[in-house]
Amino acid sequence: MSFSAIAQVVSTWAIPLLLLLIPLLAAVRRVKVYEVFVEGAKDGFTTAVKIIPYLVGMLVAIGMFRASGAMELLASALAPVTGLIGLPSEALPVALLRPFSGSGTLALSTELMKTHGPDSFVGRLAGVMYGSTETTFYVLAVYFGAVGVTRTRHAVAAGLIADAAGLLAALLVCRALFG
Amino acid sequence: MLNWVWLGLVAVAVVVGALTGRLDAVTRAAFDSARTAVEIAFGLVGIMTLWLGVMKVGEEAGLVRGLARLIRPLARRLFPDVPADHPALGAMLLNIAASWLGLGNAATPLGLKAMDELQKLNPRKDTATDAMVTFLALNTACITLVPATMIAVRATLGSANPTEIVLPTILASACATVVAATAARLLRRLPAFRAPLPPASGDDGGDA
């Protein structure tokens, strides 16, 4: 059984098992499971709604930036520099967009794989870059939004440094394995 | 810093949009994105409610504290400010486990629960704590054991071996994770990012 097959099985079973085992163990310890569930669940709506202003602010700014074509300008300005470390210029927009938009990165990667083929170097690289890090600005907006934190201190810097590391590692690993 | 990033994105968008004659598209994107944001938030309501309920059951049963104890050695180093058996650690562990498994629907609510627990330890409710930043840095660099979406896209496009990106993806995101934890630890000492002193007694902050 391959690694990803095993992981697939674990993914399928994880949620149903958690949903069964947590209430089961709680019941054994004499917790009134349904009453407690409802008690905890009542905060679900307010938490989700609390995120709205943060998410609107973030997604609007990112959406405007992408629609203006600034990303393409930035990519063409940076291409000579990133070319020095062996990053194909086609893949640069994927890397630049990754911290801002998950769905945008997926669309760009898919586009690249269609044009160059999923098994081309650029196609594989785009695929690995997509999975190498999470969408930093989305995570920050949602997580800080839910608790009302507005002074984020070093969170943006740490998140972006991690993104850069993940994207660079994606490039190096792909060059080693597929180059 | 988020203030500058936000202003920068909007300002560049309007200036570049004006120069490239795409101001219409910029306006449309602003309205569309606002709607998308609300749809995402409302899309969270159901799963958020479900997991908050399940987590409460787990808490009452002592399971969340039990999980916290399980990762004590690692947690003490990553989150020195969080007490050893605090429920925040259990919630963070569940969040990270869910994202490793690619269970996005469970990961976000569990992560928000963790943030809620961390906020209880926060003396200044509008300012991020060291533990929050470390936790979010780990989240923004998350390892995914099976990048299911990308495998599906590659298969659809006729790749000879759709899963060959799995190992490189794990390696790259593992690298991002290590850098995330390191960066969060090193940056917090910089003057620009240092935590402000907790409010003096008598001043309850009043900004929660």
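## Helices H3 and H5 of chain B

In this predicted model, Val64(B), Arg65(B), Leu67(B) and Ala68(B) of H3(B) meet a set of residues in H5(B), namely Pro87(B), Leu89(B), Gly90(B), Ala91(B), Leu93(B) and Leu94(B). Sorted by class, this contact of H3(B) with H5(B) is made up of 8 nonpolar, 1 polar and 1 charged residues.

Two packed helices are described by the angle between their axes and the distance between the axes. For helix H3 (residues 63-70) of chain B and helix H5 (residues 87-100) of chain B, the angle is about 80° and the axes are 7 Å apart. Angles of 65 to 115 degrees count as roughly perpendicular, and H3(B) and H5(B) are therefore roughly perpendicular to each other.

## Where chain B touches chain A

Between the two chains, 95 residues of chain B are in contact with 89 residues of chain A. On the side of chain B that touches chain A, the elements giving two or more residues are helix H1 (2-20), helix H2 (23-60), helix H6 (104-120), helix H7 (130-140), helix H8 (148-156) and helix H9 (166-187) of chain B. The largest share of that side, 27 residues, is supplied by H2(B). By class, the residues on the side of chain B that touches chain A divide into 63 nonpolar, 22 polar and 10 charged.

## Chain A as a whole

Chain A has 10 helices and 0 strands, and its pattern along the sequence reads α-α-α-α-α-α-α-α-α-α. Its radius of gyration is 21 Å, whereas a compact globule of 179 residues would have one near 16 Å. Taken along the principal axes, the box filled by the C-alpha atoms of chain A is roughly 65 × 45 × 30 Å.

Of the 179 residues of chain A, 51% count as buried. Among the contacts in chain A with a separation of 6 or more, 63% are accounted for by residues 24 or more positions apart.

## Helix H8 of chain A

Helix H8 (residues 121-132) of chain A has 12 residues, which at 1.5 Å a residue should span 16 Å, and this agrees with its end C-alpha atoms, which are 16 Å apart. Because 11 of its 12 residues are buried, H8(A) is largely enclosed by the rest of the structure.

The buried residues of H8(A) include Val122(A), Arg124(A), Leu125(A), Met129(A) and Tyr130(A). Within chain A, the buried residues of this helix pack against helix H6 (92-97), helix H7 (102-116) and helix H10 (155-178), and they also pack against H8 and H9 of chain B.

Technical notes. Residues are numbered from 1 along each chain as its sequence is written. Chains are lettered from A and ligands numbered from 1 in the order in which they are written. This is a predicted model: local features need pLDDT of at least 70, side-chain atom pairs count only at pLDDT 80 or more; totals for chains, interfaces and linings use all residues. Helices (H or I, at least four residues) and strands (E, at least two) are DSSP runs, numbered from the N terminus. The radius of gyration is taken over C-alpha atoms; the globule rule is 2.2 Å times the number of residues to the power 0.38. A residue is buried if 20 or more other C-beta atoms lie within 10 Å of its own, exposed if 12 or fewer, and partly exposed in between; C-beta atoms are placed from the backbone. Two residues are in contact if their C-beta atoms, placed from the backbone, lie within 7 Å. Axes are lines fitted to C-alpha atoms, for helices over the stretch in contact, and angles run from 0 to 180 degrees between N-to-C directions. Angles under 35 degrees count as roughly parallel, over 145 as roughly antiparallel, 65 to 115 as roughly perpendicular and the rest as oblique. Ala, Val, Leu, Ile, Met, Phe, Trp, Tyr, Cys and Pro count as nonpolar, Asp, Glu, Lys and Arg as charged, and the others, Gly among them, as polar. The expected span of a helix is 1.5 Å times one less than its number of residues.
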